[in-house]
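Biologist: I am new to this structure. Could we go through some of its helix contacts and a pocket together?

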Number of protein chains: 2
Amino acid sequence: MQMIRIIVVDRHELVALGIASRLADQPELEVVGHACSGVKLLERLRETQADLILIDVSLHEMDGIDTVRKLHRNYPGLKVLAHSALTEIEYVNSMLIEGASGYVLKDGPADELAHAVRTVMNGDTYISPHAQHSIANGYRFTEKRMGGEYVGLTKREREIIRMVALDRTNREIADALFITEETVKTHRKNLMTKLNVRGVAGLVKYAVDRCWV
Amino acid sequence: MQMIRIIVVDRHELVALGIASRLADQPELEVVGHACSGVKLLERLRETQADLILIDVSLHEMDGIDTVRKLHRNYPGLKVLAHSALTEIEYVNSMLIEGASGYVLKDGPADELAHAVRTVMNGDTYISPHAQHSIANGYRFTEKRMGGEYVGLTKREREIIRMVALDRTNREIADALFITEETVKTHRKNLMTKLNVRGVAGLVKYAVDRCWV
DNA sequence: TAAAAAATCCTCATTTGTGGGTATTGTGAA
DNA sequence: TTCACAATACCCACAAATGAGGATTTTTTA
């Protein structure tokens, strides 16, 4: 029987421990490592062999979505399964489009994870019921991007949204980045359009969810 | 040797599993139960005996701070140890004032948790170094409340902050609660004063951290 | 290299948010 | 039964954000 080697990427080691203990009764599944961020994962992958990466969206340094993008480019054969507490369609879509083969929610039943891992290793896709529901409901505020195409943020936009979430005013952001207030306003506008939110609250929640603050 | 019975309160069962597995090599510590919310904990306590509650700040239904307040009233002999990823002084202070005997951060070293549990069961207080640093630095924006007194939010204020975090406008909140827009503004103002933040971003982060959205 | 994407700056009208106040109820605790 | 506080409501002045236009320059990438 072929062992399935899993690396868990989660900002809390406790979660990795919990996963390992939950998968302990699955003889063919083995957690061979843990990384607390995307950057750490890429380092670890240079020394540790793995068949599947179980990765959260919310990570420091480089979030899960960016990490999956890189994984897909550098390790095409490696299977990726997203594992998060976030049900928002934005995250589910992004993960799948970047190359994940599934999306499992953290508060699902105890046997769901093992099932998802097997499904994915079998070449199929597994998405938790709640996450599917989220996809079915579509975007919250507009009908845009219903096709599901992923709109990534630019570097500059990430800088801006991060500072917005840190409660900085446009003036402060402008000064910090050596640009005019008008430019900051434009970026905020674009951010809100891309993320389909109406105001600051949506921007802050987005940044918090992805551990950018 | 007296066994120390621990109930873990965390919105993710995986974390409880992880804690149990981390404490597995501590012969006198035993995780006897898990609850995913404050409400569930109070239910469980009616049937399960415990010596110590290990509880997170971020919980659904009733957050950790409110839960500790209730615990302290209903089970005076029960020890409570806060266990969270949040380092903000606001949360540390609140937990301690409500009756917790310590505050351990989730990303601390592997042996810190067991040490903290023993310290607390010994009648002392344990606070993670980072959290102590947070206390030492005081509040972010103003010099108010430096004494550390905890300012709780009222029911109405919680309703308001929740809706603010859900990206609702003042107009919408007013309509939903059958009050005028001016009243909503007043509540927001009071909230920002109480929480020592300057704008929406702070309010949203507060609500997100405590699982109110 | 030419086209596309990103970043920059601008105006103007409108809405929302912020920071000071003040005042009237109702409720619950000392 | 006071007394404090929560919740409600209103006022004003000013700052900030939003929405809808347009435009230019740099950087990337196909």
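Modeller: To begin with a term, contact here means heavy atoms within 4.5 Å. This is a predicted model, in which local features need pLDDT of at least 70, side-chain atom pairs count only at pLDDT 80 or more, and totals for chains, interfaces and linings use all residues. Residues are numbered from 1 along each chain as its sequence is written, chains are lettered from A and ligands numbered from 1 in the order in which they are written, and side-chain values use heavy atoms, without hydrogens and water.

Biologist: Which residues in helix 7 of chain B meet helix 8 of chain B?

Modeller: From helix 7 of chain B they are B:R156, B:E159, B:I160, B:M163 and B:V164, and they meet B:I173, B:A176 and B:L177 in helix 8 of chain B. By class, this contact has 6 nonpolar, no polar and 2 charged residues. Ala, Val, Leu, Ile, Met, Phe, Trp, Tyr, Cys and Pro count as nonpolar, Asp, Glu, Lys and Arg as charged, and the others, including Gly, as polar.

Biologist: At what angle do helix 7 and helix 8 of chain B pack?

Modeller: The angle is about 135°, and the axes of helix 7 and helix 8 (residues 170-177) of chain B are 10 Å apart. Helix 7 and helix 8 of chain B are therefore oblique to each other. Angles under 35 degrees count as roughly parallel, over 145 as roughly antiparallel, 65 to 115 as roughly perpendicular and the rest as oblique.

Biologist: Turning to chain A, are helix 7 and helix 10 roughly parallel or roughly perpendicular?

Modeller: Their axes come within 9 Å and cross at roughly 105°, and helix 7 and helix 10 of chain A are therefore roughly perpendicular to each other. A:I161, A:V164 and A:A165 in helix 7 meet A:V200, A:L203, A:V204, A:Y206 and A:A207 in helix 10. This contact has 8 nonpolar, no polar and no charged residues.

Biologist: And how do helix 3 and helix 4 of chain A cross?

Modeller: The axes of helix 3 (residues 64-74) and helix 4 (residues 89-98) of chain A come within 8 Å and cross at roughly 15°. Helix 3 and helix 4 of chain A are therefore roughly parallel to each other. Residues of helix 3 in this contact include A:V68 and A:H72, and those of helix 4 include A:Y91 and A:M95.

Biologist: New topic: which residues lie nearest the centre of the second largest pocket?

Modeller: They are B:E61, B:M62, B:D66, B:R158 and B:W212, out of 15 lining residues. Helix 3 (64-74) and helix 7 (155-165) of chain B are the elements that give two or more residues to that lining. The lining residues divide into 4 nonpolar, 1 polar and 10 charged.

Definitions and conventions
Axes are lines fitted to C-alpha atoms, for helices over the stretch in contact, and angles run from 0 to 180 degrees between N-to-C directions. Helices (H or I, at least four residues) and strands (E, at least two) are DSSP runs, numbered from the N terminus. On a 1 Å grid over the protein atoms alone, a cavity is a set of points where a 1.4 Å probe fits but cannot get out, and a pocket is an open set with protein on both sides within 12 Å along at least five of seven lines; lining residues have an atom within 4 Å of a point.
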